[in-house]
Amino acid sequence: MKKYVSVFVFIIIGIIGCINVSAFTRNGNGNLKLITSEKINITVMEAPILVIENGPIQKIVDDIQWFGQASVRIQASGKFIYIDPYLVTDKEPAELIFITHSHGDHFSIDDIKKIVNNNTKIYAPKDCCQKLISEGIVNCKEVVPGQTLNIDGIKVKVVPAYNIVKNFHPKEKKFVGYVLTVGGVKIYHPGDTERIPEMKDIKCDIAFMPLGQTYTMQNVEEAANAVLDVQAKFAIPIHYGMYEGAASDAQLFKDLLKDKVTVVIKECKNPLQH
Ligand SMILES: [Zn+2]
């Protein structure tokens with residue numbers, strides 16, 4: 001298993017030397033000779049070594065399952081967390097489900113039914129919650145952009161998601177993305193969005209990013225710049241290869257972020273994926 005460890009080592013070496021030399025003299029050859037060295041005391045001190053490790057982030061990245069489009073499962077802090085479950089194949093029961101908006105490839109009641117149980121907590125925009133409740137799935141809480149939640153020790157920031165150039169996701173619809181802080185690791189799922197100014201206020205360790213260029217970003221470069229905006233250490237491309245965007249886009253995304261961000265291209269076993 002690849003292991004990425006960033007080690008910042010600050011070593012301060014202090015040499016405290018106390019050399020008490022009383023005199024030099026010349027020997028018979030005329031060369032200088034140290035004739036008294038009463039005290040030589042050299043101390044080498046090392047400062048504490050600070051290690052910042054990416055291990056917990058890498059583990060979460062490794063465990064992430066991508067089902068196609070924006071549908072992902074995160075495994076962290078002993079929980080299965082689904083965001084926009086759609087075409088779910090591995091059906092681990094969900095402790096938490098987050099929905100970004102009501103479009104059919106993000107809000108699938110059939111898929112939610114596959115993973116929900118009596119203990120599952122669901123967070124979604126108002127119209128999604130209303131539909132779920134009408135289907136008898138009552139444990140849904142409405143979210144709006146700007147909210148901050150604390151769910152069983154997981155900090156959740158609800159962030160805006162919208163188009164600037166296109167009209168598929170108008171800002172006034174209050175579609176959302178999420179920044180989850182799980183075990184100290186910040187994970188950003190942007191929902192369906194273009195590169196919006198609010199991204200500069202988001203800081204995360206892992207960023208999912210949509211590569212479809214019909215409904216979300218204008219192009220792959222914009223998606224790569226959005227990853228830089230949120231200062232992610234790891235980026236996982238999503239929302240491509242099914243209805244829009246191709247595998248070559250994911251490779252371009254990786255190339256654009258080379259030496260800046262670790263891009264992990266997840267395999268999608270969905271039969272609709274090409
Ligand atoms: Zn959408």
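Biologist: What makes β6 and β7 a pair in this model?
Modeller: The model is predicted. In it, residues 71-76 form β6 and residues 79-83 form β7, and the two are joined antiparallel over five bridges. Two bridges are enough to count as pairing, so β6 and β7 qualify.

Biologist: Which residue of β7 stands opposite Gln75?
Modeller: Phe80 does.

Biologist: How do you know that β5 pairs with β6?
Modeller: By the bridge count again. β5 and β6 share three bridges, in the antiparallel sense. The threshold is at least two, so they pair. Gln65 stands opposite Arg73 of β6. The two strands form a hairpin with two residues between them. Gln69, in that turn, has a positive phi of about 50°.

Biologist: What is the order of the six strands in the open sheet?
Modeller: β5-β6-β7-β8-β9-β10, with mixed pairing.

Biologist: Why are β5 and β10 called edge strands?
Modeller: Each pairs on one side only. β5 covers 65-68 and β10 covers 140-142. Ignoring direction, neighbouring strands of this sheet are turned by 20° against each other on average.

Biologist: Which helix packs on the sheet, and which strands does it touch?
Modeller: Helix α3, residues 126-134, touches β9 (121-124) and β10. Its direction makes about 155° with that of β10.

Biologist: Where is Ser77?
Modeller: Ser77 sits in the loop between β6 and β7.

Biologist: Is Ser77 buried, exposed or partly exposed, and what makes it so?
Modeller: Ser77 has 16 other C-beta atoms within 10 Å. Buried needs 20 or more, and exposed means 12 or fewer. The count of 16 lies in between, so Ser77 is partly exposed.

Biologist: What is Ser77 in contact with, leaving aside its neighbours within four places in sequence?
Modeller: Gly153, Ile154, Val182 and Gly183. For each, the C-beta atoms lie within 7 Å of those of Ser77, which is why they count as contacts. Gly184 is 107 residues from Ser77 in sequence, with a C-alpha to C-alpha distance of 10.0 Å.

Biologist: What makes β13 and β14 a pair?
Modeller: Five bridges, in the antiparallel sense, link β13 (residues 176-182) and β14 (residues 185-189). At least two are required, so they pair. Tyr178 has His189 of β14 as its bridge partner. Both strands belong to an open sheet of seven, in the order β11-β12-β13-β14-β15-β16-β17, with mixed pairing. The edge strands there are β11 (148-151) and β17 (262-263), each pairing on one side only.

Biologist: At what angle do the axes of α4 and α5 cross?
Modeller: At roughly 45°, coming within 9 Å. The crossing is right-handed.

Biologist: Which residues meet where α4 and α5 touch?
Modeller: Val220, Glu221, Ala223 and Ala224 of α4 meet Asp249, Leu252, Phe253 and Leu256 of α5.

Biologist: Which residues touch the most other members of the largest nonpolar core?
Modeller: Ile206, Ala207, Val227, Ala232 and Ala235, in a core of 72 residues. Setting aside neighbours within four places in sequence, Ile206 has contacts that include Ile57, Val185, Ala232 and Phe234.

Biologist: How many residues does the protein have, and what share is buried?
Modeller: It has 274 residues, and 40% are buried.

How values were computed:
Residues are numbered from 1 along each chain as its sequence is written. This is a predicted model: local features need pLDDT of at least 70, side-chain atom pairs count only at pLDDT 80 or more; totals for chains, interfaces and linings use all residues. A nonpolar core is a set of buried Ala, Val, Leu, Ile, Met, Phe, Trp, Tyr and Cys residues joined through C-beta atoms within 7 Å. Two residues are in contact if their C-beta atoms, placed from the backbone, lie within 7 Å. Helices (H or I, at least four residues) and strands (E, at least two) are DSSP runs, numbered from the N terminus. Axes are lines fitted to C-alpha atoms, for helices over the stretch in contact, and angles run from 0 to 180 degrees between N-to-C directions. A crossing is left-handed if the near helix is turned anticlockwise from the far one by less than a right angle, and right-handed if clockwise.
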